[in-house]
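Hi everyone, thanks for making time this morning.

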Amino acid sequence: MAVGKHPQNRLKIGLIGCGNMGASILRGLVDSSFYPQNIHVFDVDTKKTALLKRRMSIRVAKTSRQAASIADVLILAVKPNMIVPVLDEIASCTPKTTLVISIAAGIPIARLSKAFKEKCPVVRVMPNMPSLIGAGISAYAMGSNTTSRHQTLVEAVLKSLGETVQVPEKAMNLVTAVSGSGPAYFFLLAEKMIEAACGMGLKADTAK
């Protein structure tokens, strides 16, 4: 099916990677207007996918290639160090009309597009940690062969994580540092304040 030709609840979604962010995206899709039986997920950890299937009635793909081959929209939610082997596995079987959305930090659109031989429209996304509870900000950059229909679809996918903002790709590394990684410094500060409070006599629960 061509992107933009049918309602969201008929779109076939492929999701590769079911870690914290991948699972959050999946929950958001199911909670919005994407039909669970049209969502095919793959993760090397079969316990994760079995649990997600029980909770959300999505489908579990046997391989990453199977998840990619059926997708109108393919979401790559794997860690950056795993993106190359995943691309090597799925590139030859991903339909050229499939919209590829990658949340792998630091991996440029050019590298993703090259793997698909420039056939697939590609969008690069950087969500942040509040996205895990649907209160985040997801910055995204559109590839050169994407259209306004792809942008509408990307925002529909990401809205379940919170708000969205489009940025030029040259700003994505900055977004990653400020929004993606920056909050970790505040977590560290909070931890140190808790430790200090405990050291001065407060109980741990009270300090938290």
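Let's begin with a pair of cysteines. Cys 93 is buried, with a relative accessible area of 18%. Cys 120 is buried as well, at a relative accessible area of 1%. Please keep in mind that this is a predicted model.

So what about a bond between them? A disulfide needs two cysteine sulfur atoms within 2.5 Å. The sulfur of Cys 120 has its closest cysteine sulfur in Cys 93, and at 9.9 Å that is too far for a bond. The count of disulfides for this model comes to zero, and Cys 93 is in none, its nearest cysteine sulfur being that of Cys 120 at 9.9 Å.

Now let's step back to the whole chain. How many helices and strands does the protein chain have? There are nine helices and eight strands. The radius of gyration is 18 Å, close to the 17 Å that the globule rule gives for 208 residues, so the chain is as compact as a globular protein of that length. Along its principal axes, the C-alpha trace spans about 65 × 40 × 30 Å.

On burial, 46% of the 208 residues in the protein chain are buried. As for contacts between residues at least 6 apart in sequence, 65% of them join residues at least 24 apart. The accessible surface comes to about 11,000 Å², and carbon and sulfur atoms account for 58% of that. For those of you who think about charge, the chain has 25 positive and 13 negative charges, and their mean positions are 7 Å apart.

Next, a helix to look at on your screens: α6, residues 148-158. Which residues of α6 are buried? They are His 150, Leu 153, Val 154, Ala 156, Val 157 and Leu 158. The elements that cover them include helix α1 (20-31) and the strands β4 (73-76), β5 (99-102), β6, β7 and β8 (162-166).

From there, let's go to the loop between β6 and β7, where I've picked two residues. Pro 127 lies in this loop and is buried, with a relative accessible area of 8%. Setting aside residues up to four places away in sequence, Pro 127 touches Met 21, Ile 103, Ile 137, Ser 138, Leu 161 and Gly 180. Pro 127 and Ser 179 are 52 residues apart in sequence, but their C-alpha atoms are 8.1 Å apart in space.

Is Ser 131 buried or exposed? It is buried, with a relative accessible area of 1%.

Last stop: backbone angles. Most residues other than glycine have a negative phi. Ser 57 is not a glycine, yet it has a positive phi of about 60°. Ser 57 is found in the loop between α2 (46-56) and β3 (59-60), and it is partly exposed, at a relative accessible area of 40%. Lys 117 also has a positive phi, of about 55°, without being a glycine. You'll find Lys 117 in the loop between α5 (109-115) and β6, where it counts as exposed at 65% relative accessibility.

How values were computed
Residues are numbered from 1 along each chain as its sequence is written. This is a predicted model: local features need pLDDT of at least 70, side-chain atom pairs count only at pLDDT 80 or more; totals for chains, interfaces and linings use all residues. Side-chain values use heavy atoms; hydrogens and water are left out. Buried means under 20% relative accessible area, exposed over 50%, partly exposed in between (1.4 Å probe, protein chains only). Helices (H or I, at least four residues) and strands (E, at least two) are DSSP runs, numbered from the N terminus. The radius of gyration is taken over C-alpha atoms; the globule rule is 2.2 Å times the number of residues to the power 0.38. Contact means heavy atoms within 4.5 Å. Accessible areas come from the Shrake-Rupley method with a 1.4 Å probe; for residues, only the protein chains shown count as cover. Lys and Arg count as positive and Asp and Glu as negative; His and the chain ends are not counted. The place of a charge is taken as NZ of Lys, CZ of Arg, CG of Asp or CD of Glu.
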